[in-house]
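Hello,

Please find the structure below, with notes on what was found in it.

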Amino acid sequence: VFAELIEKFVLHLSESRTDCYFSTGSYKAMVADVKKENLSSVQQLGVEMTVRYGKYLNLLKEDAENGLCFVIVNCEEFLKQQQRTVDSSLCCLQEHYTGYDWFASSIFLIMSGDREKTLTFLQQFSRLLVSAFLWLPRLHLSMHLPVTTVEYGIHPVYFCCAHHVEMLLKAELPLVCSAFHMSGFTPSQICLQWITQCFWNYLDWSEICHYIALCIFLGPDYQIYMCISLFRHLQQDILKHTEA
């Protein structure tokens, strides 16, 4: 039901010119089967973890690995059409996104391992503004960003969302803000980790789905409210660790 709900919602928005923030070209998926060996070592590890988690949740079948590899490779090819070339020695500005695509993996699990549905959804989703914040590889070397922004190698999620989290934290949870300040560690670093990993390893699967749904249905600013809510939930633990 959840998969069908976000599918219909995103399809409806992606067909509306006023809701499409990004223009995307047409892309047809590769027909050939993609094996795990075609992926980088980081991607291979991510695929193994995703499949293991999917089977634990009873969402995936035995042949899910090839389907996920297919999605990962095609997402890379699809997004490559909207990338610019940047001459830089920074690791994060090389042709390939350096991390693993946790958002695409989350959608793959939501779609119960259906690779075609996953890829179709991601292509439609990529037209919406919220995709820039939920799907981090979406803006890797993106032509939709100013050249200077791309050259800095800092993702907009960091200087938009994480920055606003810190501003809100100061107002809403001053004690937590002070605890971070004393530790010499910034809340924005934690938030970037949470968001990049789509809250995997931090929230239960149903809560990860709620996070994705909130941001898709109500807007990307709910990503900020989600982080603040988590800091509020963890406040006593954070203060206890600060004292210790």
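Cys-198 is buried, with a relative accessible area of 1%. Buried stands for under 20% relative accessible area, exposed for over 50%, and partly exposed for what falls in between, using a 1.4 Å probe and protein chains only. Before going on, note that this is a predicted model, where local features need pLDDT of at least 70, side-chain atom pairs count only at pLDDT 80 or more, and totals for chains, interfaces and linings use all residues. Residues are numbered from 1 along each chain as its sequence is written, and side-chain values use heavy atoms, with hydrogens and water left out.

Cys-198 sits in the loop between H10 and H11. Its phi is positive, about 55°, although Cys-198 is not a glycine. Asn-201 also has a positive phi without being a glycine, near 75°, and Asn-201 lies in the loop between H10 and H11. Is Asn-201 buried or exposed? Asn-201 is exposed, with a relative accessible area of 74%.

**The chain as a whole**

The protein chain has 13 helices and 0 strands. Helices (H or I, at least four residues) and strands (E, at least two) are DSSP runs, numbered from the N terminus. Of the 244 residues in the protein chain, 46% are buried. Contact means heavy atoms within 4.5 Å. Among contacts between residues at least 6 apart in sequence, 75% join residues at least 24 apart.

**Helix H5 and what covers it**

Helix H5 covers residues 115–125, and its buried residues are Thr-118, Leu-119, Phe-121, Leu-122, Gln-123, Gln-124 and Phe-125. Which helices cover them? The cover includes H1 (2–14), H3 (64–80), H4 (102–110), H6 (131–134) and H11 (205–218). At the start of H5, a side-chain oxygen of Asp-114 comes to within 3.2 Å of the backbone nitrogen of Glu-116.

Ala-3 belongs to helix H1 and is buried, at 15% relative accessibility. Leaving out residues up to four places away in sequence, Ala-3 touches Ile-110 and Met-111. The C-alpha atoms of Ala-3 and Ile-107 are separated by 8.4 Å, although these residues are 104 apart along the chain.

Ser-188 is in helix H10 and is buried, with 5% relative accessibility. Apart from residues up to four places away in sequence, Ser-188 touches Tyr-158, Ala-162 and Glu-166.

Arg-52 is in helix H2. At 57% relative accessibility, Arg-52 counts as exposed. Between the C-alpha atoms of Arg-52 and Glu-65, which are 13 residues apart along the chain, there is a separation of 9.5 Å.

**The second largest pocket**

Pockets and cavities are found on a 1 Å grid over the protein atoms alone: a cavity is a set of points where a 1.4 Å probe fits but cannot get out, and a pocket is an open set with protein on both sides within 12 Å along at least five of seven lines. Lining residues have an atom within 4 Å of a point. Grid points are joined across faces, edges and corners, and a volume is the space filled by probe spheres set on the points.

The second largest pocket has a volume of about 260 Å³. It is lined by 13 residues, of which Met-49, Tyr-53, Trp-102, Trp-200 and Asn-201 are the closest to its centre. The elements that give two or more residues to this lining are helix H2 (41–56) and H11. H2 supplies the largest share, 4 residues.

By class, the pocket lining has 9 nonpolar, 2 polar and 2 charged residues. Ala, Val, Leu, Ile, Met, Phe, Trp, Tyr, Cys and Pro count as nonpolar, Asp, Glu, Lys and Arg as charged, and the others, Gly among them, as polar. Domain 1 (1–142) and domain 2 (156–243) each give at least three residues to the lining; the domain bounds come from an automatic or database domain assignment.

**The second largest cavity**

How many cavities of 30 Å³ or more are there? The count is 2. The second largest cavity holds about 30 Å³ of space. Its lining includes Tyr-97, Asp-101, Trp-135, Pro-137 and Thr-196. H4 and helix H10 (187–196) each supply at least two residues of that lining, which divides by class into 9 nonpolar, 1 polar and 1 charged.

Regards

Technical notes:
Polar contact = N/O pair within 3.5 Å; in protein donor to acceptor, adjacent residues only side chain to side chain.
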